[in-house]
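The following note sets out points for a colleague who is reading the structure alongside its sequence.

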Amino acid sequence: MVDQPLLRIKELRTHFHTERGRVTAVDGITLHVEEREILGVVGESGCGKSVTSQSILRLFDEKRTVKYEGEIHFKSKNLLKISNANMQKIRGNDIAMIFQDPLSSLNPVYTIGYQITESIMLHQKLQKKKAYEKAVEMLRLTGIPAPEKRVNDYPHELSGGMRQRAMIAMALACQPRLLIADEPTTALDVTIQAQILDLINRLNQELNMSVIFITHDLGVIAEICTRVVVMYLGQIVEEADVEKLFSNPLHPYTKGLMKSIPQIDGDRSQALHVIEGTVPSLHDVPNGCRFASRCPYASDLCRAKMPELKIVKTGQKVRCWHYEEILEKEEVDV
Amino acid sequence: MKIYVLKRVLSLVPILFIVSIMIFMIIHVTPGDPATVMLGDTATTEQVEALRNELGLNIPIYQQYINWITGILHGDLGYSFFMRQSVTMAIISHLGPTVSLAIMAQIMAIIIGIPVGIIAANRKGSLTDQSIMGLSLLGISIPSFLLALLLILLFGVKLQWLPVAGYKALSEGMWVHLKYLILPIIALGSMQVALIARMTRNSMLEVLNMDYIKTARSKGIKERNIVYKHALRNAFLPILTIVGQSFAVLVAGAAVVETVFNIPGIGQLIINSIERRDFAVIQGIVLFVALVYVLINLVVDLLYGVIDPRVRLNHK
Amino acid sequence: MEAVERNAKLVMLKNDLKKEQRNLFVRRFISNKLAVTGLIIISILTFLVTIGPLITSYGPNEMVVDERLEGPSSAHWLGTDNLGRDLFTRIVFGAQLSMGVGLSVAVITSILGIVIGLYASYYRVLDNVLMRICDGLMSLPGILLAIALLAALGPSTKNVIIALSVVYTPNVARVVRSAALVVREETYIEAMKSQGASSLRIIWGHIAPNTLSPLIVQSTFIFANAIIVEAALSFLGAGVPPPDPSLGNILFDGKLVIFTAWWMVLFPGICIILSVLGLNLFGDGLRDILDPHSN
């Protein structure tokens with residue numbers, strides 16, 4: 001049997017019922033995560049990257065607001081088909097998650113030790129004392145100094161970076177196969193950000209676990225990921241290995257994102273590139289290519305008909321009618 | 001924590017000072033001379049003058065306040081000329097039924113209001129939630145004395161299940177005691193049940209939207225534990241505030257309900273004192289309830305510190 | 001010339017925006033079941049109470065001695081009381097009085113509350129003094145404070161209104177103050193101050209309008225509560241003195257004859273419940289509409 005990827009998502013659609021009608025925040029996502037790989041998911045806020053990640057763990061309220069479609073295969077199970085009780089066994093145990101703001105994501109009235117041991121005792125059936133030892137060990141692993149003292153601290157008693165380390169310790173307590181990191185560094189200072197990235201990188205190798213790393217920051221992607229998925233308005237517009245994406249971005253949106261990264265040795269007299277316009281509302285999704293309204297290369301075809309996500313020569317996947325013409329034109333320009 | 005407690009206690013001083021001035025002023029906002037009002041039109045000038053002296057109305061007003069407040073600090077709430085006993089004694093002898101009634105109404109409000117509010121929050125938008133919210137809106141729209149009358153009409157007059165008036169002390173047996181108090185307790189407690197249920201629901205809904213609830217879910221915690229361990233403890237602070245305030249409201253509300261059921265408590269004492277213009281007793285009772293309110297709020301504040309570690313820190 | 005044109009355009013835009021906001025408010029209001037139900041209940045009651053005196057053939061204090069304690073009939077729709085007075089007529093006049101007291105209290109507390117709340121939010125020293133007094137007043141249960149005040153002032157309709165206004169003004173002042181404090185911190189208020197705008201203009205022209213939404217919601221609830229407390233006070237004999245009917249003292253008479261005349265408790269009771277329920281529904285609905293974040 002061929003090596004199966006750890007996680008395989010096929011045509012995932014996540015619909016929300018809102019006061020203003022049904023909204024499809026994730027619209028036909030297909031992607032996979034290999035063993036031990038760090039997959040980056042990048043896009044502006046509102047592009048559906050967080051919804052995708054939370055759909056994997058089915059964190060939304062299925063009774064009232066959300067409806068999932070498609071398949072999410074993990075360890076030969078379709079996560080969208082299994083019972084809630086079985087899903088609870090996977091959450092925090094096989095697949096764990098860390099969030100953007102560690103302060104609001106940690107429960108303020110319990111010590112971090114309590115919050116770490118909670119999932120250890122639940123999933124690994126350890127005694128309280130053993131679980132606390134494990135929690136201290138995890139805190140030490142994430143580089144928190146004096147972990148045997150810190151374990152009794154409340155979240156507000158820690159600094160921002162320490163809190164995110166504690167979050168990571170909590171997520172990794174049961175040695176998950178997959179860690180979903182939803183903008184884990186966005187709320188942190190730059191220096192702390194680098195430390196946390198290093199930590200995730202290190203733990204990825206030491207613990208043999210895969211990571212889905214969600215961010216809006218291409219710089220972070222370059223630093224940590226092996227493969228990247230670019231999302232726009234609920235869809236994947238480009239998928240590529242990280243080197244290829246940076247050396248040869250194909251989708252006009254990806255190109256726009258690349259150009260908006262400030263360069264240290266760049267020309268300072270020139271204004272930073274800005275992608276014109278704003279992301280259309282999910283209540284009002286265009287018929288054709290979703291990026292058409294902001295795309296400098298958009299044609300009538302783009303506005304009328306949605307392009308498919310195609311595999312191209314270089315092994316990349318791109319969702320664009322004109323990527324070849326654009327590429328040729330650019331070569332001429334150069 | 002010690003400093004936190006001390007700070008809380010000290011912050012009560014200005015409030016109590018203002019409350020004491022307001023209560024002291026009650027007797028002085030009466031139109032006309034209090035002594036004349038108390039004795040009625042038939043009194044002679046000498047009688048009025050004698051009473052004015054006894055009430056201390058002839059000395060400067062600040063001196064009156066100082067005398068009054070010094071007495072209170074020594075536990076002396078004044079003397080009732082109508083009852084021929086000290087106000088403190090009068091209050092103590094009427095305290096039993098009121099406290100019993102208020103405590104039991106409070107217990108009822110808590111053990112019904114909080115779970116019902118949690119259920120409503122958990123099933124937001126469902127028929128259960130809508131019925132609970134509808135009933136609680138009805139609950140806060142019926143004054144306790146009216147509910148008391150309606151209950152008497154139904155259970156006392158129509159069905160004849162329960163006694164409609166009177167009071168039997170706890171010493172006569174728990175069942176007898178309760179039998180006479182059931183209707184008053186329901187009448188008094190219903191509005192607080194409704195208030196606490198509404199507060200609990202709002203508070204729970206707010207907390208259930210927090211990020212840390214999502215974190216707990218992502219750890220695989222069971223839904224029941226998410227609600228009762230992670231959400232409830234955070235939602236508890238505003239609930240606790242309402243519960244704390246409700247006790248003083250219940251003591252005051254007991255005054256009204258007691259008159260409906262002829263229960264010889266503080267309520268009856270104050271109503272009789274109004275008819276007799278017995279200002280010392282009125283002042284004493286108002287001060288007593290204010291003290292209860294302030295002290296319970298203090299306890300609530302201290303409990304905050306126990307429940308929420310952030311509160312302790314902020315006041316270091 | 002150009003400036004004038006631009007100004008005219010701005011004014012037009014502003015008017016459009018106001019119209020737009022008004023339309024939005026109306027649309028939200030109509031789609032809010034709570035508010036609409038509440039409004040319907042209050043309207044029906046107000047209508048009944050207004051035309052009541054015209055359709056009854058009795059006076060509120062008119063006694064017919066040999067028609068005492070008669071149940072509902074075609075002559076006396078809701079029966080008669082222990083003195084042979086027509087209950088329907090008494091309830092109509094009583095509801096007029098009770099709702100009148102409630103409305104007066106709501107209006108008076110709104111006016112006092114907005115003045116106190118606004119100035120307290122603007123001047124720090126004043127804030128300390130006023131808010132301590134409010135804390136003091138609020139540390140007494142409303143009904144007890146009202147009883148104490150009425151014991152001192154003596155029972156009369158006017159004194160009930162005074163006592164309830166004293167009881168509820170701190171509530172309104174607190175609500176206005178906290179809304180005003182939020183606006184006060186906005187940058188544009190700072191900007192106006194630095195440009196030398198008078199505090200009078202800042203307070204009434206710019207801060208006050210922002211406190212109106214919570215103020216209106218709060219006064220609706222105070223209206224409802226005032227009806228409850230007035231009824232309780234009159235029931236206890238500390239409020240509206242007989243023989244004038246108020247819903248509270250009709251119930252006081254009703255209590256005396258509860259074993260024989262259920263109608264004397266039930267009908268005025270329903271009248272209180274409906275008016276308070278209507279106002280509470282309306283207030284809840286308004287709060288949802290005006291302040292969607294609160295829930």
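1. Over residues 95-304 of chain B, the chain is 83% helix and 0% strand, with 29 Å between the end C-alpha atoms. Helices here are DSSP runs of H or I of at least four residues and strands are runs of E of at least two, numbered from the N terminus. UniProt, in an unreviewed entry, lists residues 95-304 of chain B for "domain: ABC transmembrane type-1". UniProt positions are given in the numbering used here, feature names are shortened, and annotations may be inferred rather than shown by experiment.

2. The model is predicted: local features need pLDDT of at least 70 and side-chain atom pairs count only at pLDDT 80 or more, while totals for chains, interfaces and linings use all residues. Residues are numbered from 1 along each chain as its sequence is written, and chains are lettered from A and ligands numbered from 1 in the order in which they are written.

3. Of the 2 pairs of chains in contact, chains B and C share the most contacts. Two residues are in contact if their C-beta atoms, placed from the backbone, lie within 7 Å. This contact draws 40 residues from chain B and 37 residues from chain C. On the side of chain B that touches chain C, two or more residues come from each of α1 (2-26), α6 (127-139), α7 (144-158), α10 (223-261), α11 (266-276) and α12 (279-307) of chain B. By class, that side of chain B has 35 nonpolar, 5 polar and no charged residues. In this classification Ala, Val, Leu, Ile, Met, Phe, Trp, Tyr, Cys and Pro count as nonpolar, Asp, Glu, Lys and Arg as charged, and the others, Gly among them, as polar.

4. Chain B also meets chain A, with 21 residues of chain B in contact with 24 residues of chain A. At least two residues of this side of chain B come from each of α9 (211-218), α10 and α13 (309-314) of chain B. The most is given by α9(B), with 7 residues. The side of chain B that touches chain A has 7 nonpolar, 6 polar and 8 charged residues. Chain A and chain C do not touch, and their nearest C-alpha atoms are 12 Å apart.

5. Within chain B, α10(B) and α11(B) pack at about 85 degrees, their axes 7 Å apart. Axes are lines fitted to C-alpha atoms, for helices over the stretch in contact, and angles run from 0 to 180 degrees between N-to-C directions. The two helices α10(B) and α11(B) are therefore roughly perpendicular to each other, a term that covers 65 to 115 degrees. Ala254(B), Ala255(B), Val256(B), Glu258(B) and Thr259(B) of α10(B) meet Ile266(B), Gly267(B), Gln268(B), Ile270(B) and Ile271(B) of α11(B). By class, this contact of α10(B) with α11(B) has 6 nonpolar, 3 polar and 1 charged residues.

6. Chain C has 10 helices and 0 strands, and its C-alpha trace spans about 85 × 40 × 35 Å along its principal axes. The domain assignment gives domain 1 (1-31) and domain 2 (33-60 + 74-290) of chain C, with bounds from an automatic or database assignment. The C-alpha centres of these domains of chain C lie 34 Å apart.

7. Is Tyr188(C) buried or exposed? Tyr188(C) is exposed, because 10 other C-beta atoms lie within 10 Å. The cut-offs are 20 or more other C-beta atoms within 10 Å for buried, 12 or fewer for exposed, and partly exposed in between, with C-beta atoms placed from the backbone. Tyr188(C) sits in helix α7 (residues 187-194) of chain C.

Terms used
Parallel < 35°, antiparallel > 145°, perpendicular 65-115°, else oblique.
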